[in-house]
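Me: I am new to this structure and would like to learn how to read it. Please take the features one at a time.

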Amino acid sequence: MKVLVPVKRVIDYNVKVRVKADGSGVDLANVKMSMNPFDEIAVEQAIRLREAGKVEEIIAVSIGVKQNQETLRTALAMGADRAILIVAADDVHQDIEPLAVAKLLKAVVEAEEPGLVICGKQAIDNDMNATGQMLAALLGWSQATFANKLDVEDDHAIVTREVDGGLQTIKVKMPTIVTADLRLNEPRYASLPNIMKAKKKPLDEKTPEDYGVDVSNRLEIVSTTEPEARKAGQIVGSVDELITKLKEAGAV
């Protein structure tokens, strides 16, 4: 069985994000970029399924700018077998919207015919949490979101997922779409030998035109602002003083 894993290039989670002076977006100049952490978890889970003998091939896919090659090489170094880069933008500030991404992934799925697609549940740059669900709808496949445990049994996937009330275990018929949550696993570090081997693994480059998909944006960013700075706390001498201050602030 093949597994398809979409991966996205985002600002590294350790970087403090800066907003452009004109408020038109986030400043990406000289900023460290890396693979979306939830996508790393998805790649790791695909590798674990292969190690368990339930998967034969792992294909990593990325949609965006040419620089996404670096993200795909990371996936290949972790253990993916081959990669597909769909160059859909020239400007690193252009973010391809979830619906366009889902349509491109649908075309890739139809060409590659995987039995399973594992996505990160969301990207940490825009927090859309929509691509996996849209892809399932476009394909007419079953889906299991927010997975913190995943196993494959014959033609079904057993997924334990995080819900508001705790954990829910469901059984979905394959082919299926699974979106990975934070507690699904802990991704491995790519070893130096695997990083070197990744340079020789196949990476195909495509365009949206190859799949007949329009990636024009349907949303317009009106403005981008930084969150308000947190106000300094106050030290109080007693519980009574605390209650008084809370009353004055209208908190109680």
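Predicted model: local features only at pLDDT ≥ 70, side-chain atom pairs only at ≥ 80, totals over all residues.

Me: At what angle do α3 and α4 pack?

Reply: Axes are lines fitted to C-alpha atoms, for helices over the stretch in contact, and angles run from 0 to 180 degrees between N-to-C directions. Helices (H or I, at least four residues) and strands (E, at least two) are DSSP runs, numbered from the N terminus. Here α3 (residues 98–112) and α4 (residues 131–139) pack at about 50 degrees, with their axes 9 Å apart. Contact means heavy atoms within 4.5 Å; among the residues that meet are Leu99 and Leu105 in α3 and Met134 and Leu138 in α4.

Me: Which strands does β7 join, and in which directions do they run?

Reply: Two strands pair if DSSP finds at least two bridges between them. Strand β7 (residues 142–153) runs parallel to β10, joined by 4 bridges, and antiparallel to β8 (residues 156–163), joined by 6 bridges. Ala147 stands opposite Ala180 in β10, while Leu150 has Val159 in β8 as its bridge partner. The hairpin of β7 and β8 has 2 residues between the strands, and Asp154 in the turn has a positive phi of about 55 degrees.

Me: Is Thr176 buried or exposed?

Reply: Buried means under 20% relative accessible area, exposed over 50%, and partly exposed in between (1.4 Å probe, protein chains only). Thr176 lies in strand β10 (residues 176–180). Thr176 has a relative accessible area of 0%, so it is buried. Its contacts, leaving aside neighbours within four places in sequence, include Leu116, Trp141 and Ala157.

Me: How many residues does the largest nonpolar core have?

Reply: In soluble globular proteins, nonpolar side chains tend to be buried together. A nonpolar core is a set of buried Ala, Val, Leu, Ile, Met, Phe, Trp, Tyr and Cys residues joined through side-chain atoms within 4.5 Å. The largest has 37 residues, and Val5 and Ile118 are among those with the most contacts inside it. Helix α1 (residues 37–51) gives the largest share of this core, 6 residues. A second, separate core of 26 residues includes Ala89 and Val213.

Methods. Residues numbered from 1 in each chain as written. Heavy atoms only, no water.
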